Amino acid sequence: MPEDLEVSGRTSMGGGTYGRVEVNGMAKMQGDIACETCEVNGSAQVDGSLRVEGRLEVNGRMSVDGPVSAGVLEVNGLCDVDGNCEVAERAEVSGMARIEGALRAGAVNIGGRAQVDGPIEAERVHVTGNVRCGALMNADVIEFELMGKSKVREIGCTTLTAAVGSGGWFSKPRLEVETIEGDRIEVEAVLARRIRGDVVVIGDDCRVDRVEYRTSFERRGSAVVGEAVQI
């Protein structure tokens, strides 16, 4: 059975296979790491890949120069991944996360700030914080409670809702996206070039160049729509 690893001071070490990993000090790991669980309360740098069978919890600061896989990911501090991030169950970001590659998970919850250069793929995405995605965000259900500014290149979904949340940050709530495609789409405070869906509702503070709908289209309040075409 693999040994546990606990770091309380400052240490530099090679890669390896462990049971429980807990970093309360500063750890630099030069090589690939595989473990059952990992908790970072201090600072950890991994020069290689990180594979965690169970929960990866980042309360301090962690950087990984390679891909990450975990059963569950919880980011309450700062997490920087130079590669893809694969999560079997749920990925929760309450702090700050930057992922150079793709983020794939069963469910994604973003209450803090997340920057994902690649695609985000999940069954469900819920955003109450700030997200920037440089590629496609694809999920069955996507929900935005807008508190600040988020930017996504493309959205593909079955159901999308975007509404202005209560309270929150100083910046004006806004979701910027080039294209949205889904079945049921109901949004407010969205800036988009094209929205295409079966049932489409464009609400307050939206600016959309073109809407393409199959069954129904509704424009509410202060929404501005360049053209709406039934297809």
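Let me start with Ala-189. Its relative accessibility is 1%, so Ala-189 counts as buried. Bear in mind that this is a predicted model. Ala-189 sits in the loop between strand 20, which covers residues 184–187, and strand 21. Its phi angle is near 55°. That is a positive value, and Ala-189 is a residue other than glycine.

Now, what lies 17 residues from Ala-189 in sequence and 9.1 Å from it in space, C-alpha to C-alpha? That is Lys-172. You will find Lys-172 in the loop between strand 18 and strand 19. Is Lys-172 buried or partly exposed? Lys-172 is partly exposed, because its relative accessibility is 48%. If we set aside the neighbours within four places in sequence, Lys-172 is in contact with Gly-148, Lys-149 and Asp-205.

Asp-205 deserves a stop of its own. It belongs to the loop between strand 21 and strand 22. Phi of Asp-205 is near 65°, again a positive value in a residue other than glycine. With a relative accessibility of 26%, Asp-205 counts as partly exposed.

What do the side chains of Asp-205 and Lys-172 form? They meet in a salt bridge, at 3.7 Å from N to O. Asp-205 is in the loop between strand 21 (190–202) and strand 22 (207–219), while Lys-172 is in the loop between strand 18 and strand 19 (174–181), so this pair ties together parts that are 33 residues apart in sequence. For anyone new to this, side chains of opposite charge can pair when their charged atoms come close.

How many salt bridges are there in the whole structure? The search finds 22.

Take Arg-98 and Asp-82. Their closest N and O atoms are 2.4 Å apart, and the two residues form a salt bridge. Arg-98 is in strand 12, residues 96–99, and Asp-82 is in the loop between strand 10 (78–81) and strand 11 (85–93). The two are 16 residues apart, and the pair links distant parts of the chain. Arg-98 has a relative accessibility of 24%, so it counts as partly exposed. Asp-82, at 30%, also counts as partly exposed.

Next is Arg-210, which forms a salt bridge with Glu-227; here the closest N and O atoms are 2.7 Å apart. Arg-210 is in strand 22 and Glu-227 is in strand 23, residues 224–230, so the pair ties together parts that are 17 residues apart in sequence. Arg-210 is partly exposed, with 26% relative accessibility. Glu-227 is partly exposed as well, with a relative accessible area of 38%.

Some charged residues group into surface patches instead. Arg-113, Arg-132, Lys-149 and Lys-151 form a positive surface patch. One of these, Lys-151, is in strand 18, which runs over residues 149–164. Lys-151 counts as partly exposed because its relative accessibility is 42%.

Where is Glu-36? It is in the loop between strand 4 (26–35) and strand 5 (37–40). Glu-36 has a relative accessibility of 30%, and so it counts as partly exposed.

Finally, the chain as a whole. It has 0 helices and 23 strands. Its C-alpha trace spans about 60 × 35 × 20 Å along the principal axes. Of its 231 residues, 46% are buried, and Ala-189, where we started, is buried. The accessible surface comes to about 10,600 Å², and 43% of that belongs to carbon and sulfur atoms. Among contacts with a separation of 6 or more, 10% are between residues 24 or more positions apart.

Notes
Residues are numbered from 1 along each chain as its sequence is written. This is a predicted model: local features need pLDDT of at least 70, side-chain atom pairs count only at pLDDT 80 or more; totals for chains, interfaces and linings use all residues. Side-chain values use heavy atoms; hydrogens and water are left out. Patches are made of residues with over 30% relative accessible area and no salt bridge: like charges are joined within 9 Å, nonpolar side chains (Val, Leu, Ile, Met, Phe, Trp, Tyr) within 5 Å. Accessible areas come from the Shrake-Rupley method with a 1.4 Å probe; for residues, only the protein chains shown count as cover. A salt bridge is a side-chain nitrogen of Lys or Arg within 4 Å of a carboxyl oxygen of Asp or Glu. Lys and Arg count as positive and Asp and Glu as negative; His and the chain ends are not counted. The place of a charge is taken as NZ of Lys, CZ of Arg, CG of Asp or CD of Glu. Helices (H or I, at least four residues) and strands (E, at least two) are DSSP runs, numbered from the N terminus. Buried means under 20% relative accessible area, exposed over 50%, partly exposed in between (1.4 Å probe, protein chains only). Contact means heavy atoms within 4.5 Å.
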